[in-house]
Amino acid sequence: MSESLTFSQLALPEPLLRAVTELGYETPSPIQAAAIPKLLAGEDLLGQAQTGTGKTAAFALPLLARLDPAQNEPQILVLAPTRELAIQVAEAFQAYARFMPAFHVLPLYGGQSYTNQLKSLKRGSQVIVGTPGRILDHLDRGTLQLDKLRAIVLDEADEMLRMGFIDDVQTIMDATPAGRQVAMFSATMPSQIRAIAQKHLKNAQEIKIESKTSTVERITQRYVMLDGNQKLDALTRVLEGEEYDASIIFVRTKSATEEIAEKLGARGYAVACLNGDMNQANREQTIRRLKASQIDIIVATDVAARGLDVERISLVINYDIPYDSEAYVHRIGRTGRAGRLGKAILFVSPRERRLLRTIEHATRQPIEKMSLPTGEVIEQRRIESFRASLANTIEAKNLSFFQDLINDWREKLETTDADLAAALLFLAQKDQPLNVAKQFPEIREPHARGDRPDRPERSGERPARFERGDRPERSGDRPERAPRPRREMQGNYNTYRIEVGKEHGVRAGDIVGAIANEANIDSQFIGNIKLFDHFSTVELPADIPTEIFQHLKKVYVRKQKLNISVDTGGNSSGGNSGGERAERPAGDRRPSSAPAGAGPRPGAAPKRRTRE
Ligand code: AMP
């Protein structure tokens, strides 16, 4: 954590500071503290940062600060590998620029109609955030002008490389004015990424947030993989299903401390928040109440909880993932005090998977995957806890007044002890019902990426056309994309056949892009792709949900409907050439021809450890 630095010390203009304050940000994250001054000074930057580190604000804030508000043409271009990321980044720009008058940001990604995009482009936007394919299309068509561009950002550069977009990225870079500022962010730094940086960045400042190794003992660490919109539900389950004396829940913003404390309070928890807006007296009072067991749960930001030493805290919940491993170690160190045992649970969205691994490395301890308590478990715990308090009451309280009442009611109501007890139990449990197993539906682990809690599902309006498929054929003066390296997939994979092949001009990157964007399958779960003349084969997880499979059938690549089906033509080394082919439902788990390791389904932890 950046100990003392504040946003106002970063020399950002007032409208941006106001936005950051309103969003509830307390302090810059480490990557922000390092990147913002350099980008504000107009320098090029190469940043090694993963999702979850706050990298979007690290480039958006300083570049917005350098924007000319009077100019309504594209001044900042951000290239992102997927439509999800493009939308997220555009939303972030909008949020940070909310107090900048006449500001416009435009996301441009495949699948949207060109007509709408053209209208928006004509209206004018200072910031464009797009996927490389669609940006290149607009450049080819002359509908996007970059001559006034001041800065270009390559976000998740390694992911763009992995998805086969890197030639497009190079072409776009070459089409930007020579004097523009370049910021490049990548979670990893493979040689191809370094080569691009060397070619396009001038005296680039390189920043990497070093993860200090520090071991933590006596603390059991686990994580839950979930989507952002499942977090609150998951939190209440964890609080019900776990044994703890007192708990501290870490979030990123002041507003989140208040919001979550309020929601837990409404559910009957003894909870308070702890954030940087509170004065010292309030803070001390809250800590005293926690020590005295007047409250059991604190919802805090990193800064506010720094140094907190309360022996009762036996459970730390990382509701929002920390920015780096150092912050993680600080956080979980709030438990396991005075030689006691402690537990730490981390909520991770699929996009933050890499950050989880970094933390695991730095702490030199595995963080075990856990599943959330089911409805049955929660029901059992409630019943047991009720029975325990019943036993205490029978043992410790003088109940003669109540026994007399029972004797009287049994006679007057002409009923039995069992019926009376059952009716009283029914009334007593109303605030916290015992019969709840069915009220807690299963929280399913997300299959792939996409962790924006505040974004509506778009699948309904998803068009049957993919960005790269409807791009006009080019004159052929661009080099062929480098083939994807052969990948060893683990877990349960099938080989699928898609009805687009070499004769249609398809390239592996087109297929990865289409599947990643349309089926929301992270590109790391897309296995080997073989291109044949009339069709192609691709290895994909065997358990793709049926609706996604059906959707993929209708997706177009290079003007061809994919019409995806399970390939029965032997194995991934060739598929068949259109002969016998029986379609199987997507959920079919029959042994597949794809290399099937012992690993679990995609996205599961052991896979993450073995493959990355
Ligand atoms: P990113 O790594 O850019 O995807 O950001 C991850 C999340 O952290 C987003 O929800 C941001 O709104 C949030 N965030 C970024 N910077 C800060 C900050 N300085 N304080 C609190 N939250 C932040």
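Which helix gives the most to the nonpolar patch? In this predicted model, the answer is helix H18 (residues 417–428), which contributes three residues; helices (H or I, at least four residues) and strands (E, at least two) are DSSP runs, numbered from the N terminus. Residues are numbered from 1 along each chain as its sequence is written, local features need a pLDDT of at least 70 and side-chain atom pairs a pLDDT of 80 or more, while totals for chains, interfaces and linings use all residues. Side-chain values use heavy atoms, with hydrogens and water left out.

The patch itself covers about 510 Å² of surface and is made by Trp409, Leu413, Leu424, Phe426 and Leu427. Patches are made of residues with over 30% relative accessible area and no salt bridge, like charges being joined within 9 Å and nonpolar side chains (Val, Leu, Ile, Met, Phe, Trp, Tyr) within 5 Å. One of the contributors, Trp409, is found in helix H17 (residues 400–412) and is partly exposed, with a relative accessible area of 35%.

With regard to the overall architecture, the protein has 21 helices and 20 strands, and 53% of its 612 residues count as buried. Its accessible surface comes to about 26,900 Å², of which 49% belongs to carbon and sulfur atoms; accessible areas come from the Shrake-Rupley method with a 1.4 Å probe, and for residues only the protein chains shown count as cover. Among contacts (heavy atoms within 4.5 Å) between residues at least 6 apart in sequence, 79% join residues at least 24 apart.

A search of the whole structure finds eight aromatic pairs. Rings of Phe, Tyr and Trp (its six-membered ring) pair if their centres lie within 6.5 Å, and planes under 30 degrees apart count as stacked, over 60 as edge-to-face and the rest as tilted. Tyr25 and Tyr96 form an edge-to-face pair, with 6.2 Å centre to centre and 70° between the planes. Because Tyr25 lies in the loop between helix H1 (14–22) and helix H2 (30–40), and Tyr96 in helix H4 (residues 83–96), this pair ties together parts that are 71 residues apart in sequence. Tyr25 counts as partly exposed at 24% relative accessibility, whereas Tyr96 is buried, with a relative accessible area of 5%.

Arg134 lies over the face of Tyr114 at 3.9 Å from the ring centre, and the charged end of Arg141 sits over the ring of Tyr114, 3.7 Å from its centre.

The structure holds 26 salt bridges, each defined as a side-chain nitrogen of Lys or Arg within 4 Å of a carboxyl oxygen of Asp or Glu. In one of them, Glu156 is joined to Arg351, the closest N and O atoms being 2.4 Å apart. This pair links distant parts of the chain, with Glu156 in the loop between strand E5 (151–154) and helix H7 (157–162) and Arg351 in the loop between strand E13 (342–348) and helix H15 (353–363), 195 residues apart. Lys254 belongs to helix H11 (residues 254–266), and Asp277 to the loop between strand E10 (271–274) and helix H12 (280–291), 23 residues apart. Lys254 is buried, with a relative accessible area of 14%, whereas Asp277 counts as exposed at 53% relative accessibility.

Terms used
Buried means under 20% relative accessible area, exposed over 50%, partly exposed in between (1.4 Å probe, protein chains only). A charge sits over a ring if NZ of Lys or CZ of Arg is within 6 Å of the ring centre and within 35 degrees of the ring normal.
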